[in-house]
Amino acid sequence: MDKSWLQQQVLERLAADLLQVEQAVSVAHEAATHEENIAENKYDTLGLEAAYLATGQARRAEAIRQARVQWRLFRPQPYSASQGIQLGALVCLLGADEKQQQIFLGPEGGNMKLVIGAESIQVISTQAPLGKALMGKGEGDEVTLELGQAKQQWEVLCVH
């Protein structure tokens with residue numbers, strides 16, 4: 001799997017997400033400033049709620065813009081067994097249930113699942129719990145992650 005192509009897929013998805021969020025910002029801003037939503041008493045909060053929503057959507061849009069910058073500057077490096085798994089690694093894991101899982105470690109903001117034909121690749125950052133657990137590991141190593149009461153284990157099958 002070509003990591004540059006995966007990077008391009010993430011950038012395309014982020015662009016689509018940004019467009020959607022910017023449209024939501026516009027709708028929420030319009031609702032917040034529409035004359036019908038002007039508060040008539042202290043219990044009339046529709047305009048205020050729409051303003052909060054617009055602010056949240058604007059913050060989300062900015063986070064996506066920052067993620068796009070990070071993903072544009074990102075240059076995935078080839079895997080080095082001496083360094084182990086690092087940012088940019090494409091990792092194939094084998095779970096305790098004998099199911100394989102593909103993980104692409106990228107910069108912040110790209111947490112998503114890419115579906116390529118019958119194959120899916122989970123894109124995560126090195127700040128995600130699984131991303132942290134994978135750092136420095138190599139082929140044949142086991143990775144354990146405890147989330148609350150649940151314990152998950154994988155074997156690193158291969159790294160690209």
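Phe 74 is buried at 6% relative accessibility, where buried means under 20% relative accessible area, exposed over 50% and partly exposed in between, with a 1.4 Å probe and protein chains only. The model is predicted, so that local features need pLDDT of at least 70 and side-chain atom pairs count only at pLDDT 80 or more, while totals for chains, interfaces and linings use all residues. Residues are numbered from 1 along each chain as its sequence is written, and side-chain values use heavy atoms, with hydrogens and water left out.

The structure holds 3 aromatic pairs; rings of Phe, Tyr and Trp (its six-membered ring) pair if their centres lie within 6.5 Å, and planes under 30 degrees apart count as stacked, over 60 as edge-to-face and the rest as tilted. Two of these pairs involve Phe 74, as the table shows.

| Pair | Centre to centre | Angle between planes | Class |
|---|---|---|---|
| Trp 71 and Phe 74 | 5.3 Å | 75° | edge-to-face |
| Phe 74 and Phe 104 | 6.2 Å | 55° | tilted |

Because Phe 74 lies in the loop between α2 (46–73) and β1 (90–95) and Phe 104 in strand β2 (residues 100–106), their pair ties together parts that are 30 residues apart in sequence; helices (H or I, at least four residues) and strands (E, at least two) are DSSP runs, numbered from the N terminus. Trp 71 is buried, as is Phe 74, and Phe 104 is buried at 0% relative accessibility. Trp 71, Phe 74 and Phe 104 form one aromatic cluster.

A search of the whole structure finds 2 salt bridges, each defined as a side-chain nitrogen of Lys or Arg within 4 Å of a carboxyl oxygen of Asp or Glu. Glu 22 forms a salt bridge with Arg 65, with the closest N and O atoms 2.9 Å apart, and since Glu 22 lies in helix α1 (residues 3–33) and Arg 65 in helix α2, this pair ties together parts that are 43 residues apart in sequence. Glu 62 also meets Arg 65 in a salt bridge, at 3.3 Å from N to O, and these two residues, 3 residues apart in helix α2, are separated by about one helical turn. Arg 65 is partly exposed, with a relative accessible area of 33%, and Glu 62 is partly exposed at 37%.
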